[in-house]
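Trainee: I would like to learn how to read some side-chain features. Please take them one at a time.

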Amino acid sequence: ATAGGLQLAGEGEEVAAGSGAQRAQFLSAVKEVAEATQHLVQSAQGTQEGLAMAAHRAVESLTSQDGLVRTGASAMGPRDTGGQLLLLSAVRDVAQAVEDVVEASSLSSGRSDSHPSLQQLYSSAKRAKKAGARLLVTLNSVDGGDSTLQNTMEFINSILEDLSSQVPWPRREPSPGDLLSATRILSLAVTKLEAGGKSPHPSDLAMGAAMGRTGVAEVISAGSARAWSADSEEERESILSATRDCVSSFRSLLEQLHHTAENPGASDEGRGSLEDRVQDVEACIEELMEVAGEEGSVDSQSDSELPSAAASITLATRQLSEPAEMTDSAGPDFNCEVLEAVKAAARACGDLMTGTLELYLKVGGAGGRGWRQSALSAAKKLAKETSSLCETANMYVQCHVTEEQLTAAGKSVAVVTAQLFLVLQVKMEAGSQERGQLQIAAATVKKNTDTLLSVAEQAATYIEGDSHALLYAPLVPPRPCLLKQDSEVARIQEEMDQTRSILAQIRLE
């Protein structure tokens, strides 16, 4: 959903006609999850048995509605990716809150009323109640077409109020790199918002705001976990304070963007303020990472990981298989077309990675930690997906994967390419030569992945029309392999016919 790729499969009026019903089912499922959470919170004040039953119901509600939530969210995209992200994030927040309540209830089972675990249980229940209420508010705002910016700001206000209260947060064990991963999400959201502030399309801002909601939730979760594992009270307060400052600065950025959107006439003055707000968020992220003891992580990685990522694409391209000659001249050679499209896409990805490295070195520290994090993360993801596509193409021509798996790999490369170019264009001037070169590389990737998807679809259609293909459904191999297997099947069938004839003769005698 974050990459804009969560949507219903298929095209045309049939999907459009079904999307309305699926959206309605999705909204109904979200409401049921919220209601189950509210019942869980009410049961927290009762007996342990009642709480256990309510927790079981809440968990059942979440798991049973999972598929419906996914399908309904797909029906909302890609035209409403902002609302899609908002609702998915809100549902995930509820799931996390329910998990906290269930864990707290197990720890408090059989304890006296004065035990600290009971206070933790009540605190978790209060947060679950707020998460359920926020889910309903988000549901109503998305269904009513309200501003994604406004909804995200309200969420941040609510969660900051929780963070500033004396109610203890769930004390989760921090995982290595969890705070770095969380700040990367927030940094990518800042990058999208900065680009959206200069874009005439409101959907760009909505997408950045929805991503920011996820980033804020992750930063607070990771920051709180790191704070509660601190060695001293002073260190704990420093981390919590830096976490609040980071979230508050992001809220200020959203407020500036909302003000600019509501007052288009002040765009020139607002643009300068936008850059100041972006720098404030980046500075707060730097401060949080430093206080938490993770400073320098991005710069120390980028010196080696960007060149390594570019080299991995080159290596993957060289390791692509050479297509075998067709044994059936009447059939189309899909293997050749697949490999040629993948090679062209991989080369273009390599050009894009080279341009990314040059721009990264050129911008340097002036790009800000947020942009550097986003660029490094997107570049590494592109290298990974490109290598995966090349590997999948090799496996395809060897008959180890299906057209569906090849199509999924091609779509992933296209989505990540668009995501990387969105990050890069923030630091490139309109009309510049480097922007033109990177735009050409990104367009080449899109063109060749589209070609790949088309070839894979033709191959699947061609195989489905073959009478022998039914023997291998649903894992139908590409046509060159099918020909060889067809011959083997025909040989075995001939032997079976001969054996049946001999058996029938023996019975007659």
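Trainee: Is Lys446 buried, partly exposed or exposed?

Mentor: Buried means under 20% relative accessible area, exposed over 50%, and partly exposed in between, with a 1.4 Å probe and protein chains only. Lys446 has 44% relative accessibility, so Lys446 counts as partly exposed. This is a predicted model: local features need pLDDT of at least 70, side-chain atom pairs count only at pLDDT 80 or more, and totals for chains, interfaces and linings use all residues. Residues are numbered from 1 along each chain as its sequence is written, and side-chain values use heavy atoms, with hydrogens and water left out.

Trainee: Which residue forms a salt bridge with Lys446?

Mentor: A salt bridge needs a side-chain nitrogen of Lys or Arg within 4 Å of a carboxyl oxygen of Asp or Glu. The partner of Lys446 is Asp450, with the closest N and O atoms 2.8 Å apart. Both lie in helix α15, four residues apart, about one turn of the helix; helices here are DSSP runs (H or I, at least four residues), numbered from the N terminus.

Trainee: How many salt bridges are there by this rule?

Mentor: The count is seven. One of them joins Asp93 and Arg213 at 2.6 Å, N to O. Asp93 is in helix α4 (residues 81-108) and Arg213 in helix α8 (residues 202-228), 120 residues apart. Asp93 is buried at 15% relative accessible area, and Arg213 is buried at 1%.

Trainee: Over the face of which residue does Arg213 lie?

Mentor: A charge sits over a ring if NZ of Lys or CZ of Arg is within 6 Å of the ring centre and within 35 degrees of the ring normal. Arg213 lies over the face of Phe155, 3.9 Å from the ring centre.

Conventions:
Helices (H or I, at least four residues) and strands (E, at least two) are DSSP runs, numbered from the N terminus.
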